[in-house]
Amino acid sequence: MNELYYEAVGDFYTSDLKKPTLKGVTVWPCPGRSSSSSWVSFFCPRAFLCLSLSCLMGSLLGHPQCLDYGPPFQPPFHLEFCSAYENFGCCDQERDNSIAAKYWDIMDYIDSRGHKLCGTYIKDILCQECSPYAAHLYDAENPRTPLRNLPGLCFDYCSEFHFNCRSAISLLTSDKHLQECCETNKTRFCSLLHLHDEDYCFPNVLKNTALNRNLGSVVEDRRGCLQLCLTEVANGLRNPVLMVHANDQTHRMFVAEQVGVIWVYLPDGSRLEEPFLDIKSIVLATPWVGDERGFLGMAFHPNYKYNGKFYIYYSYMDKNRVEKIRISELKVLASDVNKADPLSERNLLELEEPAANHNGGQLLFGVDGYMYLFTGDGGKAGDPFGKFGNAQNKSALLGKVLRIDVDGKSPDGKPYRIPPDNPFVPDPQARPEVYAYGVRNMWRCAVDRGDPVTKKGRGRIFCGDVGQNRFEEIDIIVKGGNYGWRAKEGFECYDTKLCHNSSLDDILPIFAYGRNVGKSVTGGYVYRGCESPNLNGLYIFGDFMNGRLMALQEDEKTNKWKKQDICIGSRKACAFPGMISSYSKFIISFAEDEAGELYFMSTSYPSAYAPHGSLYKFIDPARRAPPGKCKYKPVPVKTNSKRIPFVPRAKTVLELLNEPSTTKPPKKSSTPTASIPTVSSKKAKKTPLTKIKAPTVKPAPAGKKRQKIKAEAKPHKPKQKVAHISRTTLAPPLPKKKSSHLTRTKKLHSKKAAPAKEKLEKRRKDSR
């Protein structure tokens, strides 16, 4: 599918002029018929039949878009010729120079009177390639429809041009198929250049305040929801819990599934047939919907390019059938850069898990070169372990942010060194690994790269901490900080007694939201990429349970953070090739590629063995970087494994718009107020492995506990029931702690959960 689009836009700007064969043209006002001829041309003889939007396959609404089917941009340098678009448009300096050269080529064939009379008309017409609405002016919003040689002109302007300069038309176009139709017929000529929506014709488009008011800014709907778009990058994954890059200039992406398999995706979008690592025989994961155990974390050493080391975090069961968390170091094979050596595993740390939920799972390296580990509080509900719970107990490693030096060893024999400036090294009652405490179950943390120019914000660590009953929170990690759990949840008290006796120096969230917004936070990233400059500085995150995407923007004056919803799939905003209008509902994780572009992973059926997970990339449809700015040349890697080309499963916005009107309109992937995706399709129910959809999983009402759901032999089948699951609850009583999802207390609900309602309520009462 992508190749089709590349072929369609192979010629970046399609109205390049061929030098006229005539030696000169005299231009004069022609109220009547004259011997001079005027023509307008198109790429195909029958193209005039499709010059209005009513002829397009589907109803495409005008939106900022260039002739290469991408969003407009801010030119990096001053435009000398088409200066009206030097602040925002579709031309860089090279293209501006090319248009200027065409202009002077044309003017060489026009006499001095014509220079004065027609120079401005010709310049304006040529410069419409630089307009932020160029695609609309040239009928280029759909790559499958014919493209105009001349832009859409408003009738009055067109009439004036034809009256004064009709002899110059032959210099603006070289297609002779339709010359006869417009030789002297002004009405015919201007009808062919007519646009269905006159707000977008030139020069009206320049005067329309509604179209130009916030041109180039992130599009917001009337409710303030940010309009972003997505491209599908990967699919068919089994609960993809993370995507990381090796920072080795290869721009490979390593995507891990909860079952314990890591896949390599190459810059061309293909996946290697053989996995980078497969330890599913060791990893403790089950097909039970919402089980939080499994392969949970991975991080490459900052010097991976030279030492080949990386680190993993996963659940496993020891010989005595005790469930534990293991953090290990491994190395890549010397003979194959796309294969890890499973025999190189070196255990760094093991933690016994008293319950099956709240397993933490994040590994990352800070800008200081140390590794940060984020552990859960041990599970169950309310951190019931000990007098104050694990999270407030600095002598326990659960419910903590830990910091270690993986490049050294401790005098006491530990396979890592304690950074000497760790905050609790002097405290004999605290574990020296502890960097911060009082966390419940942080699910997905990320290091801010900092502003690309000023580097402001560099090194900040953002985390999403899953709440118990009332609040989900976003935190910035501070050395030695107490994040309040279990005394506090969000900004309010959870354990009243502890809360009243707690320190006034507790680190409060930068943002917290209640159950009316979501029920299970998934931490994200601060966008610092190149392709979507409008997004710089936005912290983008989501909610696992309802699929809502959100963004936080910091007010630099007050240091307060403002939240806005993100809406995906607006058919007007995302009518670009490759953009999709839906995504799988349950948002598992966010990711950043080597270039800093932002992604997220989600699934339509949250079971570790269900292949319904997908990887999506964020795109800002309002503005992109200038052409060439974000180009990079990946370091080539030798591949011994077969490459599997990416095959999209989601329909693009253009495909949906081009569907015959007799078909039923597709379900919306999001509402104007928040991005709540659609996750069902008829085709998926018949063949769930050939479409991204699976049985719809509906969120249940808020509650404190989660229900055990027994998976059937094939958990991805539509008939399977999915009951309410919460990250706040006790683990279901399987033989030794069968539990719920991905370090979190997620709540899921099947279409037929009613029979389980009485059991669910009874369990809630028993476990409170």
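## Helix 2 and helix 3

The axes of helix 2 (residues 93–107) and helix 3 (residues 112–126) come within 10 Å and cross at roughly 150 degrees. Two packed helices are described by the angle between their axes and the distance between the axes. The model discussed here is predicted. Angles over 145 degrees count as roughly antiparallel, and helix 2 and helix 3 are therefore roughly antiparallel to each other. Their crossing is right-handed.

Which residues of the two helices meet? On the side of helix 2 they are Ile99, Lys102, Tyr103, Ile106 and Met107. On the side of helix 3 they are Gly114, His115, Gly119, Ile122, Lys123 and Leu126. Sorted by class, the contact between helix 2 and helix 3 has six nonpolar residues, three polar ones and two charged ones.

## The protein as a whole

The protein has 768 residues, and 61% of them count as buried. Its secondary structure includes 14 helices and 30 strands.

Contacts can also be sorted by how far apart the two residues are in the sequence. Among the contacts in the protein with a separation of 6 or more, 67% are between residues 24 or more positions apart.

Helix 5 covers residues 155–165. Which of its residues are buried? They are Tyr157, Cys158, Ser159, Phe161, His162, Asn164 and Cys165. These buried residues of helix 5 pack against helix 3, helix 6 (169–172) and helix 7 (186–192).

## Aromatic pairs

A search of the whole structure finds 31 aromatic pairs. Tyr157 has a relative accessible area of 12%, so it is buried. Phe202 has a relative accessible area of 4%, so it is buried too.

Phe300 and Tyr304 form another edge-to-face pair, with 4.6 Å from centre to centre and 70 degrees between the planes. Both Phe300 and Tyr304 are buried.

## A ring cluster and Phe511

Ring pairs also link several residues into a cluster, made up of Phe462, Phe511, Tyr513, Tyr539, Phe541 and Trp561. One of these, Phe511, is found in strand 21 (residues 511–514). Phe511 has a relative accessible area of 14%, so it counts as buried.

What does Phe511 touch, leaving aside its neighbours within four places in sequence? The residues in contact with Phe511 are Glu472, Glu473, Ile474, Phe491, Phe541, Leu552 and Lys563. Phe541 is both a contact of Phe511 and a member of the ring cluster. Leu552 is 41 residues away from Phe511 in sequence, while the C-alpha atoms of the two are 8.3 Å apart in space.

Pro203 lies in the loop between helix 7 and helix 8.

A cis peptide bond also joins Trp485 and Arg486, and here omega is about 10 degrees. Arg486 is placed in the loop between strand 18 (471–476) and strand 19 (488–489).

## Positive phi angles

Where in the chain is Asn247? Asn247 is in the loop between strand 2 (240–244) and strand 3 (253–257). Its phi is near 55 degrees, a positive value in a residue other than glycine. With a relative accessible area of 45%, Asn247 is partly exposed.

Lys380 is another residue other than glycine with a positive phi, near 60 degrees. The place of Lys380 is the loop between strand 13 (371–374) and strand 14 (400–404). Its relative accessibility is 33%, so Lys380 counts as partly exposed.

Notes: Residues numbered from 1 in each chain as written. Predicted model: local features only at pLDDT ≥ 70, side-chain atom pairs only at ≥ 80, totals over all residues. Heavy atoms only, no water. Axes fitted to C-alpha atoms, helices over the stretch in contact; angles between N-to-C directions. Helix = DSSP H or I, 4+ residues; strand = E, 2+ residues; numbered from the N terminus. Parallel < 35°, antiparallel > 145°, perpendicular 65-115°, else oblique. Left-handed = near helix turned anticlockwise from the far one by under 90°. Contact = heavy atoms within 4.5 Å. Nonpolar A, V, L, I, M, F, W, Y, C, P; charged D, E, K, R; others polar. Buried < 20%, exposed > 50% of the residue type's maximum accessible area, 1.4 Å probe, protein only. Phe/Tyr/Trp six-rings, centres within 6.5 Å; stacked < 30°, edge-to-face > 60°.
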